[in-house]
Amino acid sequence: MKRMGPLMIIEGKNNSKVPYSRNIFIDCPEKVLIDCGADPQTLLEVNDQFGIELIVNTHYHPDHTQYNHLFPKAQKWINPLEFETARSIEGIAKANGIYEEWGEAGIEQWKKQLPQEWVNNLQQISGTYQYEVEYCFGGVKTVLLHTPGHTAGLSSPYFPELGVVYVGDYDMTTFGPWYNGTDGSIEDFIESGKRLLTLDADTFITGHQKGLFTKQEFQSEMQRFLEVIDKRDEMIDYYARQGLSFEELTNIGIFYPKEVLKVPIFKTWERCGIRKHLRRLNLTVSEMPKAYAVTK
Ligand SMILES: [Zn+2]
């Protein structure tokens with residue numbers, strides 16, 4: 001476990017790749033854990049040693065909240081915009097585009113394959129934090145910046161006195177920016193990304209894979225990362241102008257590799273993502289009525 005002053009960085013399996021995440025424990029009297037999707041064994045060890053009292057979830061996605069239930073005594077906070085969303089299966093299904101793409105039938109289908117543990121987690125969210133306010137955890141100043149785009153409510157915990165920021169899903173992976181839920185926004189993603197670059201910080205910690213970046217590295221990585229959005233624009237623009245229908249466009253593999261698009265949730269996010277680009281590009285393509293599009 002890497003330590004940076006009072007911050008302990010807890011890795012998830014497989015280099016914290018989705019569906020796991022990298023978390024931060026603030027070693028202070030309040031015993032605060034930021035996000036809860038790292039290696040469960042390590043999280044439990046941290047709990048044995050320190051006793052986690054408060055879990056601050058940056059957003060509702062399972063890779064950042066999935067082990068909340070392992071700490072029944074801890075308070076679990078989430079950002080104020082996602083409190084309601086995070087507490088119900090329907091809320092999460094809607095935010096993930098399942099309702100938008102497949103209607104009620106899609107939600108019913110999706111519910112059937114949810115792990116019960118994960119469902120139990122939802123009711124455990126106990127409160128909300130405020131954005132942009134200075135919290136002081138045992139002297140560690142922490143500001144939960146509102147950085148929408150990936151989801152509408154995503155927060156980025158910033159430790160101004162340590163010069164550290166946890167940038168979560170600004171993960172700089174080759175996949176590129178993810179804004180594929182109905183609550184995601186391309187424009188906000190770009191805006192928040194640019195804001196992160198203005199912070200007075202020397203260390204940027206991502207939630208997945210690559211990990212730690214200096215400011216200079218983070219700046220050049222951000223440019224490359226955001227350019228993926230332009231590449232998606234170009235591809236979608238090209239195919240739409242070739243006269244492809246929405247269904248054809250969503251079978252190419254713009255976001256996800258073509259071979260995983262048979263998995264319903266990836267197909268859902270592919271569709272949702274392409275819709276956002278079409279809107280942004282002001283393009284319309286022909287689309288089958290929803291009733292015919294439902295995957296069984
Ligand atoms: Zn996420």
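A residue counts as buried under 20% relative accessible area, as exposed over 50%, and as partly exposed in between; F175, with a relative accessible area of 27%, is therefore partly exposed. The model described here is predicted. UniProt, in an unreviewed entry, places the feature "domain: Metallo-beta-lactamase" at residues 20-208, and over residues 20-208 the chain is 32% helix and 22% strand, with the end C-alpha atoms 8 Å apart.

**Zinc site**

- The protein donors of the zinc ion are H59 through NE2, H61 through ND1, H150 through NE2 and D169 through OD, and they lie 2.1 to 2.5 Å from the ion.
- Along the chain these donors follow the spacing H-x1-H-x88-H-x18-D.
- H61 belongs to the loop between β5 (54-56) and α3 (62-65), while H150 belongs to the loop between β9 (140-146) and β10 (155-159), so this pair ties together parts that are 89 residues apart in sequence.
- The arrangement of the four donor atoms around the zinc ion is irregular, because the angles they subtend run from 79 to 165°, whereas a tetrahedral assignment would require all angles to lie between 85 and 135 degrees.
- H61 counts as buried at 6% relative accessibility, and H150 is likewise buried, with a relative accessible area of 3%.

**Helix α2**

- In helix α2, which spans residues 40-50, the buried residues are P40, T42, L43, V46 and F50.
- Viewed down the axis of α2, these buried residues fall within an arc of 165°, so they line one face of the helix.
- An α-helix has 3.6 residues a turn, so residues three or four places apart point the same way.
- The exposed residues D48 and Q49 are carried on the face of α2 that is turned away from its buried side.
- The cover over the buried residues of α2 includes the strands β1 (2-4), β2 (7-10), β3 (23-26) and β4 (32-34).
- Just after α2, G51 adopts a positive phi of about 80°.

- Strands β2 and β3 run antiparallel and are joined by four bridges, and L7 has I26 in β3 as its bridge partner.
- Strands β3 and β4 also run antiparallel, joined by three bridges, and the partner of I24 in β4 is I34.
- The hairpin of β3 and β4 has five residues between the strands, and within this hairpin K31 takes a positive phi near 50°.

**Two loop residues**

- F175 lies in the loop between β11 (164-168) and α8 (186-197), and, not counting residues up to four places away in sequence, F175 touches V228, R232, F255 and Y256.
- F175 and F255 are 80 residues apart along the chain, and their C-alpha atoms are separated by 7.4 Å.
- S245 lies in the loop between α9 (215-241) and α10 (246-249), and at 15% relative accessibility S245 counts as buried.
- Leaving aside neighbours within four places in sequence, S245 is in contact with V285 and S286.
- S245 and N15 are 230 residues apart in sequence, and the distance between them in space is 38 Å, C-alpha to C-alpha.

Note on methods. Residues are numbered from 1 along each chain as its sequence is written. This is a predicted model: local features need pLDDT of at least 70, side-chain atom pairs count only at pLDDT 80 or more; totals for chains, interfaces and linings use all residues. Side-chain values use heavy atoms; hydrogens and water are left out. UniProt positions are given in the numbering used here, feature names are shortened, and annotations may be inferred rather than shown by experiment. Buried means under 20% relative accessible area, exposed over 50%, partly exposed in between (1.4 Å probe, protein chains only). The arc is that of the directions from the helix axis to the C-beta atoms. Contact means heavy atoms within 4.5 Å. Donors are N, O and S atoms within 2.8 Å of the metal (3.2 Å for Na, K and Ca); water is not among the atoms, so sites may look incomplete. Four donors count as tetrahedral if all angles lie between 85 and 135 degrees; four count as square planar and six as octahedral if opposite donors are over 155 degrees apart and all others between 65 and 115; anything else is irregular. Two strands pair if DSSP finds at least two bridges between them.
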